[in-house]
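Subject: Structure handover

Hi,

Here is the structure I promised to pass on to you. Please have it open while you read the notes that follow.

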Amino acid sequence: MTLKICVAQLNFVVGDMAGNAQKIIDCATAAYQDGARLVLTPELSLCGYAAEDLFLRPSFIQACDDALKTVSAALSGLKGLHVVVGHPSGRDERTRSVSVQRRFNMASVVCEGQVVASYAKRELPNYQVFDERRYFVAGDKPCVFDVAGMKVGLLICEDAWFDAPALDAKAAGAELLAVINASPFHVGKGDEREQAMRGRVQATGLPLIYAHLVGGQDEVVFEGRSFALNADGALAGRAPSFEVASFAIEATRHKGVHLNAKVVDDGSLEADLWHALVLGVRDYIGKNGFPGVLLGLSGGIDSALVLAIAVDALGADKVRTVMMPSPYTAEISWVDARDMAKRLGVRYDEVSIVPEFEAFLGSLKADFEGTQLDTTEENIQARIRGTLLMALSNKFGSIVLTTGNKSEMATGYCTLYGDMAGGFAVIKDVAKTLVFKLARWRNAHDPYGTGAEPIPERIITRPPSAELRPDQTDQDSLPAYEVLDEIVSRFMENDQSSDDIIAAGFARADVEKVTRLIRINEYKRRQSPVGIRVTHRSFGKDWRYPITNKFRA
């Protein structure tokens, strides 16, 4: 016998239960017409992942319950079709005269108008961006259901990273494991998932289907890349990354269950990063209803990279750039900014900040008399630019994209209420060394057909500078980016101590400087816009450090 299965690798919107339900209905109906009798939707597909404190609202849970009924009723006439739907579920319980609501991260199997099986997630992650124990209690029972004579064991995401849930499903009679997921992207996560699931397959001797979400949700991105593994751990199929797909799999019983599907090749590290950033921008802007974006175009590599990402995500007609020269802006910055805007076909305006800067200095002349020029005057320029961009945003509705990278966020090489002012920080989790690699990659590839080499070569090769004082470069006050980024990675992403980093061969002065800057600039980062997470630890939900803090190791 052969069972046709469809993984509904869809892009859902948190809180849009009606819209999400309709996407499931449409995909399931089309899959049924193509012969599928089992459709797998991702984790919490009805409400979107993750709904955070919306899970605490009884009305939210009720709306999810109603949406499940809508899906079940709409598909009731499709004989033999089983659809696995992810959703939250909760009930009130009385304990010592106190009402307590117990919520579960659930998967329900609907068939011909009925819920024929249900499963509550057993392993609730509480690390990195995950906070599921805040909202849910764990289930404790396996779920195995029958589809056309094939026994399917159901797991939800984190369950499959542990031994017991899969082994319990096998003990309950499962011939095939179906895992529904919402696992945020970071560099290398796709390979980690396949390796972990390969271990699960080898431990149980059962084939496995990994059904995954696609789309951006605030700071996280889900890349899709659903896949199937056979009982020997061999890859049976893989869906595309960063796009909606109906991933078709055939399960054939012959000395066990054998899976077969199309295999889409992996992308490179830079390709995955690029597509993650593009998807993150597209969904943040689109799902929140902004008409477009604007950004300050400086002639430097960070704003150039953000501009190229924005155009790939939204199209040139929804992107506006503003060049805001100061007394210290180099002529080549003007030339390169104009060149790039022309290459990408975006609106480009020039608004000098010299009059405002002089007015500020005039207003502060008495207070500043007798003092030397320092970062105060540099920050005034950045804050003037931030004010102008936010004024344009308020007037015309487009959201400001900030252009600071992870190296700058780590060290505080950014101005609060200046270049940090905006609504979405596109490359907040992209280290400066990776900024250069992404620029080179985009110039060598044209995945969205916008034209070759959007970033002028000189923008990539000239020394980075904030251009807030004469002849300034970033390396005047920071270690070389190759050194800086490695120290940040070791200290911030991997929790190495300063002594460990020094022992690895880094100069003590560099380590002490960088780690000190990371510590003292926490207050800035708390006030920065949300940005796209692409590493396993970003300055966002992953990083929860106290501002007032005397620990120094």
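Thr-321 stands opposite Tyr-348 in β18. Please keep in mind that this is a predicted model.

Let me start with that pair of strands. β17 covers residues 319–323 and β18 covers residues 347–350; the two run parallel and are joined by four bridges. Another pairing across them links Arg-320 to Arg-347, its bridge partner in β18. On the way from β17 to β18 the chain passes through helix α7 (residues 331–344), and the three elements make a right-handed β-α-β unit.

If you zoom out, you will find an open sheet of five strands, with parallel pairing and the order β18-β17-β16-β19-β20. β18 and β20 (424–425) are its edge strands, each pairing on one side only.

**Burial and the nonpolar core**

Are the residues of β17 buried or exposed? Five of its five residues are buried. Val-319, Thr-321 and Met-323 point one way from the strand, while Arg-320 and Val-322 point the other way.

Val-319 is a handy example within β17. Its relative accessible area is 3%, under the 20% cut-off, and therefore Val-319 counts as buried. Ala-308 is 11 residues away from Val-319 in sequence, with a C-alpha to C-alpha separation of 10.0 Å.

The largest nonpolar core holds 51 residues, and those with the most contacts inside it are Val-281, Leu-305, Leu-307, Ile-309, Val-426 and Ile-455. Among the elements that give two or more residues to this core are β16, α6, β17, α7 and β19 (399–402). α6 gives the most, with 11 residues.

**Pockets and cavities**

I expect this part will interest you. The second largest pocket has a volume of about 380 Å³. It is lined by 18 residues, and the closest to its centre are Ala-431, Thr-433, Leu-434, Ser-489 and Glu-493. Two or more lining residues come from each of α5 (269–287), α12 (432–444) and α14 (481–493). Which of these gives the most to the lining? That is α14, with six residues. By class, the pocket lining has six nonpolar, five polar and seven charged residues.

Searching the whole structure also turns up two cavities of 30 Å³ or more. The largest cavity contains about 60 Å³ of space. Of its 13 lining residues, Phe-12, Tyr-49, Leu-213, Gln-217 and Lys-287 are the closest to the centre. Strand β10 (residues 214–217) supplies the largest share of that lining, four residues. Seven of the lining residues are nonpolar, five are polar and one is charged.

The second largest cavity has a volume of about 50 Å³. Its lining includes Thr-402, Met-409, Asp-419, Lys-428 and Pro-529. By class, this lining is made up of four nonpolar, three polar and two charged residues.

Best wishes

How values were computed:
Residues are numbered from 1 along each chain as its sequence is written. This is a predicted model: local features need pLDDT of at least 70, side-chain atom pairs count only at pLDDT 80 or more; totals for chains, interfaces and linings use all residues. Side-chain values use heavy atoms; hydrogens and water are left out. On a 1 Å grid over the protein atoms alone, a cavity is a set of points where a 1.4 Å probe fits but cannot get out, and a pocket is an open set with protein on both sides within 12 Å along at least five of seven lines; lining residues have an atom within 4 Å of a point. Grid points are joined across faces, edges and corners, and a volume is the space filled by probe spheres set on the points. Ala, Val, Leu, Ile, Met, Phe, Trp, Tyr, Cys and Pro count as nonpolar, Asp, Glu, Lys and Arg as charged, and the others, Gly among them, as polar. Buried means under 20% relative accessible area, exposed over 50%, partly exposed in between (1.4 Å probe, protein chains only). Two strands pair if DSSP finds at least two bridges between them. A crossover is right-handed if, with the strands pointing away from the viewer, the path from the first strand over the helix to the second runs clockwise. A nonpolar core is a set of buried Ala, Val, Leu, Ile, Met, Phe, Trp, Tyr and Cys residues joined through side-chain atoms within 4.5 Å.
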